[in-house]
Amino acid sequence: MSRNEANTRKELIDKALEKAGWSLDDSNQVGIEIPVDGYDAAPWNGVTDYCLYLPNGEVIAVVEAKRQSRDPRVAEQQVRHYVTEIEKHQSFRPFAFMSNGDRTFFWDVGNENKRPVAGFFSLRDLQNLLYIHQNKIPLQQLSVNLAIANRTYQQEAIGRVSERFDEGHRRALLVMATGTGKTRTIMALIEVFLRANQARTVLFVADRDTLVRQALDDNFKVYLPNEPRDRIRTYNVDYSKRLYVGTLQTLVKCHKKFTPGFFDLVIFDESHRSIYNQFREVVEYFDARIIGLTATPADFIERNTFQVFRCTGNPPVPTFNYPYRNAVNEGYLVDYSLRQAQTHFQREGIRGANLSEEDRNTLIQQGRDPDEIDYEGTELERTVSNKDTLRKQWEEIMEVCHKDESGQYPGKTIVFAVSQDHALRLASVFEEMYPQYPDMVQVITSQMERTDDLIDRFKKEEMPRIAISVDLLDTGVDVPEVVNLVFMKPVHSVIKMQQMIGRGTRSHEACRYLHRLPHGHKDEFLIIDFWENDFDKDPSEETVTQNLPVTVKIFNTRLKLLEHYLNDQQSADCQQVIADLRQQIGQIPRDAFSVQQVYSQVEEAWMDGFWRYLTQRKIDFLRTQVAPLLRFVAGVDVAEATFTNKVERLKLEILTDGAKPGTLESIAEDVSYLPEDIFKDAKRGKSAQFCLSHRLRSATPEELNQIITDLAQVMKNRRQRKSSFVYLDLADSIAVSGYITLGEGGEQVYVEEYRQRVEGKVLEIVETHPTIAAIRNGEVVTDLQLVALERTLRQELGGGNVQLSESNIRKAFNLKVNSLLAFLRELMEIEALPDYQEVVRRNFEEFIVQRPFNANQVRFLRAVQNVFLKNRRLEVADLYEEPLDRFGEDAVERWFTEKQVDELIEFAEHFAA
């Protein structure tokens with residue numbers, strides 16, 4: 001039942017103020033129903049519900065209360081008058097809160113729009129806000145500290161964020177490729193906030209312990225050494241610092257130890273991983289300006305993430321974007337070369353019928369029937385491991401990997417393994433093969449002890465040179481000297497792939513231990529791929545699915561059961577389902593900000609009257625409005641909830657289409673792995689035996705409820721399932737490194753044959769083309785001659801039985817190039833040939849410099865250059881389409897004359913290839 005205003009104040013608002021540290025018994029802190037001069041409108045007679053005081057007696061905030069059922073924003077005019085009148089009697093205009101107990105709005109009248117907040121602010125928070133309000137300097141007026149961030153794109157990023165916040169926005173999203181100095185950029189931005197008096201308390205949040213330690217020890221300590229700093233832990237919170245770091249996992253547990261207004265600026269590192277379920281609650285709880293920081297390419301960021309950081313557009317665009325390819329082109333990151341190889345067993349599988357007589361006899365001696373051996377290549381290291389396959393992979397790695405300056409040892413290398421066991425097997429095989437290299441290899445996974453020490457050793461010491469990892473080193477670990485990445489597993493997620501590639505992209509400038517680099521310099525890194533991963537996957541092909549939390553699945557299954565009982569609502573089975581649903585609803589944290597925001601819309605689900613008579617409309621309401629709130633339930637025992645979900649699903653199957661074999665088998669298997677003492681227990685043992693019998697197929701709802709009661713809570717004690725993993729040691733070999741697939745018809749050509757085709761065609765062009773002849777004669781060639789050569793190469797090599805592309809060049813020649821000029825230079829060792837991109841950029845720059853363009857025109861033309869390089873041509877229509885439409889539909893007309901557009905198109909035609 002909705003409370004009237006008096007009860008709302010007494011039962012909700014009073015308690016919320018006390019929670020924020022205000023003592024209602026102290027009239028020096030809180031004044032109740034204080035008259036405001038000059039306000040005569042009945043029935044209020046100019047009386048504020050609450051006045052919150054500074055120690056000197058000035059009012060720092062007023063609180064206007066409304067009854068629980070009323071939107072607190074109806075009090076806008078009242079509040080505006082109150083703070084205006086109070087300002088006449090003191091040195092500043094007070095802040096305002098409007099609240100109905102469920103929803104609270106904060107308002108800095110005349111300066112900012114009102115906004116919902118998770119609760120009232122403390123005296124300390126309001127004093128801090130007042131200081132910022134009275135002393136702040138526009139962010140854009142301050143220069144960037146070049147000792148922290150000296151690169152132009154970092155300064156642009158800071159400028160974009162500063163501009164956005166100066167305009168009144170409260171959230172921003174930075175997308176910067178791994179290795180481009182995201183954290184340094186953020187440190188410089190924090191320093192600007194501090195100097196501008198726009199932040200006095202800052203929080204840096206990441207989802208990995210390593211990132212948090214780096215922020216505290218390698219960044220705050222180095223770049224902001226004079227600012228008091230601390231790490232937030234659940235057992236220790238020091239409220240006296242200025243800079244804080246913490247993991248998301250910690251903040252989920254203890255964010256309410258802070259008031260919503262405690263922090264002025266919050267940074268979420270790798271924010272695309274930070275917006276789901278309970279993590280979203282942390283993002284929304286703090287009433288700070290918030291910056292999201294991620295290395296995930298903008299094309300792969302979900303719309304949901306853009307919405308969290310208030311990024312608009314269609315498609316949405318981040319506040320600032322600096323992708324990997326831009327960083328490579330501008331020399332801030334290095335590119336990679338790709339070598340793909342697979343063994344015979346990886347390509348063909350392991351099948352007894354195809355084995356040599358020697359291998360068949362080996363299997364027989366081991367007690368295995370060769371004809372029962374039948375594994376696909378994709379099953380290697382999933383269900384079967386073959387030792388000689390690992391040997392051959394190590395031989396390939398050691399032969400082709402980038403070596404250090406001595407040429408003897410591998411440079412720093414990360415091997416991405418399938419699993420912990422796979423990682424340990426790889427290390428064991430290496431140690432057997434190369435006893436002369438002790439300490440060369442180290443497994444670094446989350447299951448190893450003292451992983452922080454292992455990572456530090458890999459980063460700083462000579463050995464190990466090769467780190468074998470499962471997930472732990474995929475992201476967030478900065479080892480600039482890494483020159484080899486080895487993919488010993490398939491990677492299906494493009495986002496994950498980009499993160500993994502980022503481990504090798506640091507440039508030579510970032511490296512400290514130069515003797516660990518090939519010839520003492522880092523120009524590129526090498527990817528060795530054993531699983532035919534697609535490193536050029538289109539972003540549009542990426543589908544990211546978020547699994548429903550198991551608590552929501554249970555709730556939805558019970559709603560389907562409830563639908564079944566709608567015509568028999570007073571039955572014991574129906575009443576039990578209702579009781580179970582209400583018990584789940586009772587677990588929803590009503591004090592969570594995300595729940596508070598919608599509580600008034602769903603409150604009836606907590607009321608007894610709602611459940612007296614149920615309709616399909618009510619069930620739809622529970623499914624669409626209430627069920628999603630279960631994702632905020634904390635402390636879920638996943639094993640218990642998963643088993644409960646299976647049994648609830650079985651209950652529904654029996655009542656509808658009959659029990660499905662898969663559900664029965666899954667429940668029985670779970671129970672079979674319970675400890676023996678469960679079966680010996682009189683009560684639980686009975687339920688366990690029931691699950692292993694044929695009676696489970698026709699169990700009643702009452703019997704299944706008893707199974708949940710007796711067994712769900714002990715599911716976390718199940719024994720591990722016995723592995724059927726098979727270990728073999730059959731002779732394997734590196735196969736031909738694959739086929740090149742040509743055209744829509746899918747003609748497959750062996751790499752060697754394909755190389756011969758390409759090289760033969762190239763030789764024909766080289767012998768006859770005038771540009772090559774000019775270079776050989778020592779003549780100076782023009783850029784237009786170079787473009788003509790690029791055009792010829794594309795015409796001659798782009799079709800027929802060659803169909804040369806960047807992807808095919810990488811597969812066949814182990815070269816990563818962006819143009820055929822660059823390919824020809826590498827293939828024929830013609831050093832005088834530049835990249836086509838270099839030619840285009842040089843001439844675009846000349847085109848811009850020779851004309852009196854303003855800053856907006858230059859910015860647009862640089863974007864046009866990128867479009868041209870991507871399409872290798874330019875038409876007028878391109879100026880109005882993605883991505884140039886982000887400048888506005890009328891950007892061309894606003895910024896350029898018709899003559900300037902014609903000159904641009906004519907210029908582009910000369911360099912089209």
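## Overall picture

Contact here means heavy atoms within 4.5 Å. By that rule, residues 24 or more positions apart account for 69% of the chain's contacts with a separation of 6 or more. The model is predicted.

The chain holds 913 residues, and 53% of them count as buried. Its secondary structure comes to 35 helices and 25 strands. The C-alpha trace spans about 95 × 85 × 50 Å along its principal axes.

## Helix α17 and its surroundings

Helix α17 covers residues 550-564. At 1.5 Å a residue, its 15 residues should span 21 Å. The end C-alpha atoms of α17 are 21 Å apart, which agrees.

Of these 15 residues, 11 are buried, so α17 is largely enclosed by the rest of the structure. The buried set runs V550, T551, V552, I554, F555, N556, T557, R558, L559, L561 and L562. The cover over them includes α18 (572-586), α21 and α22 (638-655).

## How α17 meets α21

Helix α21 spans residues 616-626. Its axis and that of α17 come within 10 Å and cross at roughly 175°. Angles over 145 degrees count as roughly antiparallel. That makes α17 roughly antiparallel to α21.

On the α17 side, the contact uses F555, N556, L559, K560, L562 and E563. On the α21 side, Q616, I619, L622, R623 and V626 take part. By class, the contact has 6 nonpolar, 2 polar and 3 charged residues.

## A six-stranded parallel sheet

Next comes a sheet. It is open, with 6 strands in the order β14-β22-β21-β18-β20-β19, and the pairing is parallel. Strands β14 (335-340) and β19 (441-444) stand at the edges. Each has a single partner strand, so one side of each is left without a neighbour in the sheet. From one strand to the next, the twist averages 20°.

## Strand β11 between two partners

Strand β11 covers residues 265-269 and is mostly covered, with 5 of its 5 residues buried. In a regular strand the side chains alternate between the two faces of the sheet. In β11, L265, I267 and D269 point one way, while V266 and F268 point the other way. All of them are buried.

Strand β8 (residues 202-206) is joined to β11 by 4 bridges, and the two run parallel. Here V205 has F268 of β11 as its bridge partner. Strand β12 (residues 289-294) also pairs with β11 in the parallel sense, over 5 bridges. F268 stands opposite G292 in β12.

## Backbone exceptions

Most residues other than glycine have a negative phi, and most peptide bonds are trans. Several sites depart from this pattern.

Two cis peptide bonds are worth checking in the structure. One joins M463 and P464, with omega about 5°. P464 is found in the loop between α15 (451-460) and β20. The other runs from E882 to P883, with omega near 0°. P883 is found in the loop between α33 (855-871) and α34 (891-895).

R310 and E381 are not glycines, yet R310 has a positive phi of about 60° and E381 has one of about 70°. R310 is in the loop between α9 (303-308) and β13 (320-322). At 42% relative accessibility, R310 counts as partly exposed. E381 is found in the loop between β16 (374-375) and β17 (384-386). Its relative accessible area is 7%, so E381 is buried.

Key. Residues numbered from 1 in each chain as written. Predicted model: local features only at pLDDT ≥ 70, side-chain atom pairs only at ≥ 80, totals over all residues. Heavy atoms only, no water. Axes fitted to C-alpha atoms, helices over the stretch in contact; angles between N-to-C directions. Parallel < 35°, antiparallel > 145°, perpendicular 65-115°, else oblique. Nonpolar A, V, L, I, M, F, W, Y, C, P; charged D, E, K, R; others polar. Expected span 1.5 Å × (residues − 1). Buried < 20%, exposed > 50% of the residue type's maximum accessible area, 1.4 Å probe, protein only. Pairing = 2+ DSSP bridges.
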